[in-house]
Amino acid sequence: MALPWLESLPAWGAASASGEAVAAVPKRFAALFMGCGVNPDQWWAKGAGTSMELGRCLEPLTPLRSKINVVDGLFNKHALGVGIHPGQTGNILSGVALQKGAELKGGVSVDQLLASHLGDETVQPSMVLGCEQPITGYHETNFSMAYSSHISWQSATSPVPMEVYPSLAFDALFENRGSRRNQSILDRVREEAAGLSRRVGAGDRAKLDEYLTSVREVERRVTPMRKEKEAGDARASDHGRAPLTMPRPENGLPEDVRDHMRLMCDLVALGFQTDKTRVATLLLCRDISGLFYPFLNVSTAHHGASHDDKSEAYERVTRFYVSQFAYLASRLDAMPEGEGTVLDNTCLLFTNSLWSGTKHDASKVPVLLAGGLGGTLRTGRVLAYGDHGDDRRKLCSLYLGIMDRMGVRLDRFGDAEERLADF
């Protein structure tokens with residue numbers, strides 16, 4: 001286990017015993033993805049800061065208005081004119097033209113580019129998580145369904161394997177192997193934690209207790225899911241099938257997607273808080289998603305519901321996904337770090353491959369940002385680029401600006417050479 005920021009111990013930005021400067025507070029990036037578009041009528045914002053007004057889809061972000069940016073009008077050039085779905089999704093984080101047919105070809109995604117530059121500073125270069133199994137085969141447009149199932153790409157021809165099982169993501173984060181899985185992480189570090197608690201100040205002691213409690217809570221929720229995963233593997237084996245071809249919950253994934261998404265958000269939060277990783281992606285649902293939402297009183301699956309995107313039902317679906325983004329942002333904002341919070345040193349991105357699922361319209365995409373990247377990114381704003389002209393409203397121009405603030409400066413990324421104006 002790594003430690004959160006503790007003011008009473010030598011830490012980021014402080015001088016070491018030898019007088020040498022130590023590394024600054026780390027900056028982090030995470031991208032959350034929802035497929036098939038949003039409810040366009042209720043996706044809007046106006047005003048600034050704590051007075052910002054939000055449409056119903058964005059209402060879960062109300063407590064965080066001063067720490068978000070609502071970005072309107074950006075688009076992904078190579079997602080236009082290629083047909084619906086896979087060709088609109090597989091390059092959402094790369095901006096590179098995709099190739100049809102049997103051979104995958106696109107580009108490295110922004111998260112993996114950041115991980116290649118920053119990953120040697122952490123145990124895990126990146127976390128690549130998902131809440132829905134990938135699908136195989138080809139779409140009617142002759143694009144591989146791999147483009148619909150993955151947003152994180154480590155090369156032009158290879159997506160990063162996505163972890164959909166919370167128990168395996170937890171084990172990877174805390175290096176649980178073999179019999180170690182049968183022992184609580186906190187039991188393994190009990191003596192070290194007790195010794196540290198005696199050394200730190202009262203404020204840090206409370207922070208340490210809160211941190212250890214949050215790890216225990218996530219571990220408690222993961223443990224039964226590990227057993228479900230093993231049972232799912234056994235059922236798949238009995239049927240002579242791969243687990244990813246089995247329906248939820250027969251495949252061992254949580255039956256309630258609310259539990260699944262919240263736990264994956266908690267794992268990203270722990271990864272950032274402990275500095276195990278500084279880069280993450282979370283595919284909340286894939287393109288052409290088959291997830292159901294009985295708790296929202298929505299009778300059709302996600303993809304079908306998106307074809308009536310202005311309905312009250314799809315408004316509830318959209319708001320539900322925004323609430324996951326708000327949950328992760330709030331978790332990070334509750335973690336003190338230096339003079340601010342972990343969220344203040346992070347950039348969280350929420351996006352979708354489409355604006356309208358009814359029209360399969362990708363002429364602009366919904367974008368939300370949360371966090372200030374160590375004071376380098378001004379927040380509490382509504383940024384409108386719809387009337388800026390295509391060369392000045394590229395999604396990849398946004399990515400260039402984010403990478404600049406994280407110390408990775410490129411002349412070009414995807415289809416963009418210029419940074420986004422007024423960002």
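Let's start in a loop: Asn142 sits between strand β5 (127-130) and helix α3 (146-149), with helices (H or I, at least four residues) and strands (E, at least two) taken as DSSP runs numbered from the N terminus. Before I go on, a word on the model: it is predicted, so local features need pLDDT of at least 70 and side-chain atom pairs count only at pLDDT 80 or more, while totals for chains, interfaces and linings use all residues. Residues are numbered from 1 along each chain as its sequence is written, and side-chain values use heavy atoms, leaving out hydrogens and water.

Back to Asn142. Its phi is near 75°, a positive value in a residue other than glycine. At 41% relative accessibility, Asn142 counts as partly exposed; here buried means under 20% relative accessible area, exposed means over 50%, and partly exposed is in between, with a 1.4 Å probe and protein chains only.

His85 also has a positive phi, about 70°, and is not a glycine. You'll find His85 in the loop between β4 (68-72) and α1. Is His85 buried or exposed? At 3% relative accessibility, His85 counts as buried.

Thr89 belongs to helix α1 (residues 86-89) and is buried too, at 1% relative accessibility. Leaving aside residues up to four places away in sequence, Thr89 touches Phe33, Tyr147, Ser148, Asp287 and Ser353, where contact means heavy atoms within 4.5 Å.

Now, on to α8. Helix α8 itself has 17 residues, of which 14 are buried. After the helix comes Asp275, with a positive phi near 60°.

Which helix does α8 pack against? Helix α8 (residues 257-273) packs with α10 (residues 312-333) at an angle of about 30°, and their axes are 9 Å apart. The axes are lines fitted to C-alpha atoms, for helices over the stretch in contact, and angles run from 0 to 180 degrees between N-to-C directions. The two helices are therefore roughly parallel; angles under 35 degrees count as such, over 145 as roughly antiparallel, 65 to 115 as roughly perpendicular and the rest as oblique.

Who takes part? On the α8 side, the contact residues include Val257, Met261, Cys265 and Phe272. Among their partners in α10 are Phe320, Tyr327 and Leu328.

Notes:
The expected span of a helix is 1.5 Å times one less than its number of residues.
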